[in-house]
Amino acid sequence: MKPTTASSRNSSQDRQASLISSAASLFAAKGYKGTTTKEIARAAGVSEALVFKYFPTKRALYAAILAEKAPLSELLSAVEEVARKRDDHRVFTLIAGYRIRPGADPTMLRLLLFSALEGHELADMFFGKQHRWFYDYLAGYIQTRIAEGAFREVDPLLAARAFIGMVVHHRLLHEIFAVPLHCSHKEIVATYVELFLKGLQHPSIEKKRGLSRVR
């Protein structure tokens, strides 16, 4: 009995998923240049010819890894919703919590570091899909809140980089250098967000809040 179209499709998707998973692990451990398609095939338990059937080049395989491991649509939707409500605390919490969470996959960070160190064009692909979105979106939001008088006058892009910098440095410490956590992920995110917003909020906002508490 010949396999049905649906089962063939599922089998094909499973093979692609296996190749992407195997390649991601190898790229994260050895870099793009240090990984061969033979090694990827061996790790996935298939022939090298099958690798090329699904992914004609290593670059195509790398692009597939980014597409699978960097899904930003759900995060963007959630952030935009709270941004419309001008919920500053929630905006920054969602962005930080997206990266600082239990079970976060360190593969993407390792891929970024390797591609940048190797000077490969894939570093631009990665940056465009991941960090540029965070920087540009967050800078735009900060600029809007400055114009509305909620945040002090600062360079929006530098402020966005400062916040993302805290998150990335945290990940470097704990995912790359394996520094043990001394508190929960939720506490870490809350502390980073509070520290950042305290420095960003306009002094008059804090003064109003202080007066409201006295009353």
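Modeller: Where pLDDT is low, the predicted coordinates should not be read in detail. This is a predicted model, and local features need pLDDT of at least 70, side-chain atom pairs count only at pLDDT 80 or more, while totals for chains, interfaces and linings use all residues. Residues are numbered from 1 along each chain as its sequence is written, and side-chain values use heavy atoms, with hydrogens and water left out.

The chain as a whole has a mean pLDDT of 85, with 84% of its residues at 70 or more. Confidence is lowest in helix H12 (residues 203-214), with a mean of 55, and highest in H11, at 95. The chain has 12 helices and zero strands; these are DSSP runs numbered from the N terminus, helices being H or I with at least four residues and strands E with at least two.

Now to the inside. Of the 215 residues, 39% count as buried, meaning under 20% relative accessible area, where exposed is over 50% and partly exposed is in between, with a 1.4 Å probe and protein chains only. A nonpolar core is a set of buried Ala, Val, Leu, Ile, Met, Phe, Trp, Tyr and Cys residues joined through side-chain atoms within 4.5 Å. The largest one here has 33 residues, and Val 91, Phe 92, Leu 138, Ile 142 and Phe 163 have the most contacts inside it. Two or more residues each come from helices H5 (73-84), H6 (88-99), H9 (131-147), H10 (156-176) and H11 (185-200). H9 supplies the largest share, eight residues. Follow Phe 163 and you will find that its contacts, leaving out residues up to four places away in sequence, include Phe 92, Leu 138 and Phe 196. Another core, of 22 residues, lies apart from this one, with Leu 19, Ala 23, Tyr 32 and Ile 65 among its members.

Next, look at the rings. Those of Phe, Tyr and Trp (its six-membered ring) pair if their centres lie within 6.5 Å; planes under 30 degrees apart are stacked, over 60 edge-to-face, and the rest tilted. That rule gives six aromatic pairs. Tyr 32 and Tyr 62 have ring centres 5.7 Å apart and planes at 75 degrees, so this pair is edge-to-face. Tyr 32 sits in the loop between helix H1 (5-30) and H2, and Tyr 62 in helix H4 (residues 58-69), so the pair ties together parts 30 residues apart in sequence. Both tyrosines, Tyr 32 and Tyr 62, are buried. Phe 92 and Phe 196 make a tilted pair, 5.3 Å centre to centre with 45 degrees between the planes. Because Phe 92 belongs to helix H6 and Phe 196 to helix H11, their pair ties together parts 104 residues apart in sequence. Phe 92 counts as buried, at 0% relative accessibility, and Phe 196 is buried too, at 12%. Back at Tyr 32, ring pairs link Phe 27, Tyr 32 and Tyr 62 into a cluster.

Definitions and conventions:
Contact = heavy atoms within 4.5 Å. pLDDT = per-residue confidence, 0-100.
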